[in-house]
Amino acid sequence: MIDLTKLEHYKGTGNKPADFDVYWDTALAELDALPLEYNLEEIDFKSNVARAYHLWFTSLDGAQIHAQLLTPKEKIGKKFKGLLQFHGYHGDSGDWVDKIGAVAEGFVVAALDARGQGGLSEDNTITSGGVLKGLIIRGMEEGPDNLYFKRVFLDCAHLAKILMSLEYVDETRIFAQGASQGGALTVACAALVPQIKKIIATYPFLCDYRKAFNLGAQLSAFEEIPYWFQFRDPLHQREDEIFKTLSYIDLQHLAPRIKAEVVWVMGLQDEVVPPETQLSAYNNISSKKQLLTLPEYGHEYLPKVSDDLQGFFE
């Protein structure tokens with residue numbers, strides 16, 4: 001188990017590129033210039049409290065992106081809280097019925113299918129580089145502008161803007177949550193959409209790639225990075241270039257942009273997403289924040305946390 005006292009000031013091993021903020025400001029300006037268009041398809045959903053819809057929008061690069069949208073049944077003339085939900089690596093937005101409780105508590109829920117993973121969203125990232133073992137490296141060999149996760153982060157921001165635009169959503173009360181990759185997308189979304197009010201991020205992925213690599217990433221969620229070096233660059237001649245490219249999608253550098261109140265949850269035995277990597281981002285957050293740690297738990301279900309945080313999204 002790690003000693004948190006030795007890491008309370010740790011802010012990561014990666015150097016922030018000089019043009020990092022320009023990189024993301026340019027991308028956000030392009031997103032703002034895109035018409036806020038989407039399609040809703042209501043499904044036959046048996047619920048006393050909720051209506052359910054497929055939500056589709058076209059991303060900046062033309063990919064068709066899907067999300068589940070669930071709303072209270074009676075919404076004319078009302079304003080509800082908005083809740084963004086993001087799923088784990090390779091998964092999807094989950095079962096519709098899982099969102100009913102949040103709807104019953106007065107939320108409009110938007111749950112993203114991350115492009116090219118288990119859900120309905122498509123990915124049209126074109127790359128000639130290696131793609132095996134994971135998506136961090138997808139598009140990496142062509143440089144920062146082709147990174148898969150740049151596109152996903154912007155998809156998250158795009159969905160947040162759609163949610164905020166709905167006439168029955170209170171744009172001043174937008175919240176976000178997710179675990180693992182979902183936690184990472186929660187953090188990224190809050191960094192790119194500063195209007196988000198509060199987030200709960202559970203053991204977020206995609207922080208401090210070099211630290212994860214140095215810790216021995218072959219057995220962690222970052223395994224694709226050493227795998228890429230093993231087969232594409234065994235002499236590590238491109239190591240500095242690769243880690244500089246990945247730094248554009250490293251949450252340690254996006255974290256300072258967050259304005260939301262943050263609850264960050266981690267198990268101190270986590271070997272899938274090491275706590276050291278997570279703290280590189282958490283320690284760079286300057287907004288109001290709270291770190292919840294479970295010393296006996298790893299990258300798994302964390303009991304009692306949901307009960308303890310009930311009512312946080314107000």
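Buried residues account for 56% of the 314 residues in the chain. The model is a predicted one. Its overall dimensions were examined next. For 314 residues, a compact globule would have a radius of gyration near 20 Å. The chain has 19 Å, so the value agrees with that of a compact globule. Along the principal axes, the C-alpha atoms fill a box of roughly 60 × 40 × 30 Å.

The chain contains 10 helices and 9 strands.

One helix pair was examined in detail. Two packed helices are described by the angle between their axes and by the distance between those axes. Helix H6 spans residues 224–232, and helix H7 spans residues 239–246. The two pack at an angle of about 150°. Their axes lie 12 Å apart. Angles over 145 degrees count as roughly antiparallel. H6 and H7 are therefore roughly antiparallel to each other. The crossing of H6 past H7 is right-handed.

Residues from both helices make the contact. H6 contributes Ile225, Trp228 and Phe229. H7 contributes Glu239, Ile242, Phe243 and Leu246. Sorted by class, the contact of H6 with H7 holds 6 nonpolar residues and 1 charged residue. No polar residues take part in this contact.

Conventions. Residues numbered from 1 in each chain as written. Predicted model: local features only at pLDDT ≥ 70, side-chain atom pairs only at ≥ 80, totals over all residues. Heavy atoms only, no water. Axes fitted to C-alpha atoms, helices over the stretch in contact; angles between N-to-C directions. Helix = DSSP H or I, 4+ residues; strand = E, 2+ residues; numbered from the N terminus. Parallel < 35°, antiparallel > 145°, perpendicular 65-115°, else oblique. Left-handed = near helix turned anticlockwise from the far one by under 90°. Contact = heavy atoms within 4.5 Å. Nonpolar A, V, L, I, M, F, W, Y, C, P; charged D, E, K, R; others polar. Rg over C-alpha atoms; globule rule 2.2 N^0.38 Å. Buried < 20%, exposed > 50% of the residue type's maximum accessible area, 1.4 Å probe, protein only.
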